[in-house]
Amino acid sequence: MKGYLFRLLNHEELSREEMKSILIGITQSEYPNEQITALLTCLQMRGVTVDELLGFRDGILETGVSAILHADRYIDVVGTGGDRKNTFNISTTSCFVIAGAGYKVAKHGNYAATSVSGASNVIQHHGIRFTDDIDRLNRSLDEAGIVYLHAQLFARAMKFVGPIRKALQFPTIFNLLGPIVNPSQPKCQLLGVANLDQMRLYHAVYQKLGIDYGIVNSIDGYDEISLTGPFKVTTKDYERVFTPQDLGFDIAKPEELVGGATEEEAAAIFDSVLENRALPAQKNIVLANAAFGIQVLERGEKSIEECIAIARESIDSGAALRTFKKFVELNS
């Protein structure tokens with residue numbers, strides 16, 4: 001570690017293999033907390049490279065619990081978080097709309113860090129019991145079309161750095177890892193990022209991983225498609241700035257996205273979208289995010305207008321709600 005720290009202080013980069021070795025060493029308590037703190041600080045001040053991020057990803061997956069799902073093609077829809085907008089559970093709601101449309105989804109999530117309700121909060125609020133039992137997970141995917149992977153059951157390395165991250169009180173490389181350590185390693189992902197620097201980083205990461213992806217960012221700082229103004233989308237096939245009007249939607253007001261002050265309020269919005277009684281802006285935001293996820297699953301072979309129509313039918317027909325009810329039945 002002393003050698004690694006000297007190199008970082010000299011503005012050198014570490015290789016993917018070196019970073020994987022460091023992560024494994026952290027899980028084996030090879031380094032004192034002071035050295036780990038120095039490492040995280042050096043990386044944050046200089047900026048994390050693609051290989052450094054992938055090295056830590058490799059280490060987390062190797063030291064964690066894998067989730068081998070019996071499906072070839074499924075998607076995860078996730079945001080980096082940290083935009084401090086306290087939106088309702090847009091990604092999680094979108095996952096059930098996608099599953100309701102007949103696609104497979106493996107949602108990876110955790111409790112909220114910077115908002116009232118994270119994915120695990122809203123899922124648990126409905127009586128779901130988290131599990132890493134592979135048979136139960138596959139049954140959920142087979143029968144409901146969707147499975148939920150609670151991060152804390154799978155990424156065991158995170159507990160070794162939890163106290164350090166809490167003490168530092170600034171973002172570190174670990175904040176970037178959440179979206180790319182889904183233990184089932186999906187071949188498709190829709191990722192929302194809070195800024196264009198993150199978009200460029202994950203674009204390079206996904207290219208190295210060789211998966212199908214879409215990365216979205218609302219220009220006004222949301223880590224999802226907010227419809228509050230223009231937003232940028234980057235995929236394997238194109239890079240484009242859209243406006244809400246391009247998709248046939250009205251511009252949303254920021255207050256229409258807020259998840260409320262309590263978990264109960266956030267869960268009520270989640271329910272209202274699936275039950276097709278939400279505010280028009282809330283429904284439209286979920287439709288937009290679900291549609292770009294569907295386009296990724298379709299390998300870009302369907303237009304975004306076609307994908308919006310598929311997502312809309314999932315809600316309007318009640319399929320998304322039936323999917324959620326089946327999911328609750330299987331996982332409670």
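A: Happy to. Let's start with charge: the mean positions of the 33 positive and 41 negative charges of the chain are 2 Å apart. Here Lys and Arg count as positive and Asp and Glu as negative, with His and the chain ends not counted; each charge is placed at NZ of Lys, CZ of Arg, CG of Asp or CD of Glu. Please keep in mind that this is a predicted model, where local features need pLDDT of at least 70 and side-chain atom pairs count only at pLDDT 80 or more, while totals for chains, interfaces and linings use all residues. Residues are numbered from 1 along each chain as its sequence is written, and side-chain values use heavy atoms, leaving out hydrogens and water.

The chain has 14 helices and seven strands, taken as DSSP runs numbered from the N terminus (helices H or I, at least four residues; strands E, at least two). Its radius of gyration is 19 Å, close to the 20 Å of the globule rule for 332 residues, so the chain is as compact as a globular protein of that length. That radius is taken over C-alpha atoms, and the rule is 2.2 Å times the number of residues to the power 0.38. Of the 332 residues, 56% are buried, meaning under 20% relative accessible area, against over 50% for exposed and in between for partly exposed (1.4 Å probe, protein chains only).

Among the buried residues are I90, C95, F96, V97 and I98, along with G100. Just after α5, G102 takes a positive phi of about 100 degrees.

F96 also belongs to an aromatic cluster, with F270, F324 and F327. The structure holds 14 aromatic pairs, where rings of Phe, Tyr and Trp (its six-membered ring) pair if their centres lie within 6.5 Å; planes under 30 degrees apart are stacked, over 60 edge-to-face and the rest tilted. One of the pairs, Y206 and Y213, is stacked, at 5.1 Å centre to centre with 25 degrees between the planes. Both Y206 and Y213 are buried.

F6 counts as exposed, at 54% relative accessibility.
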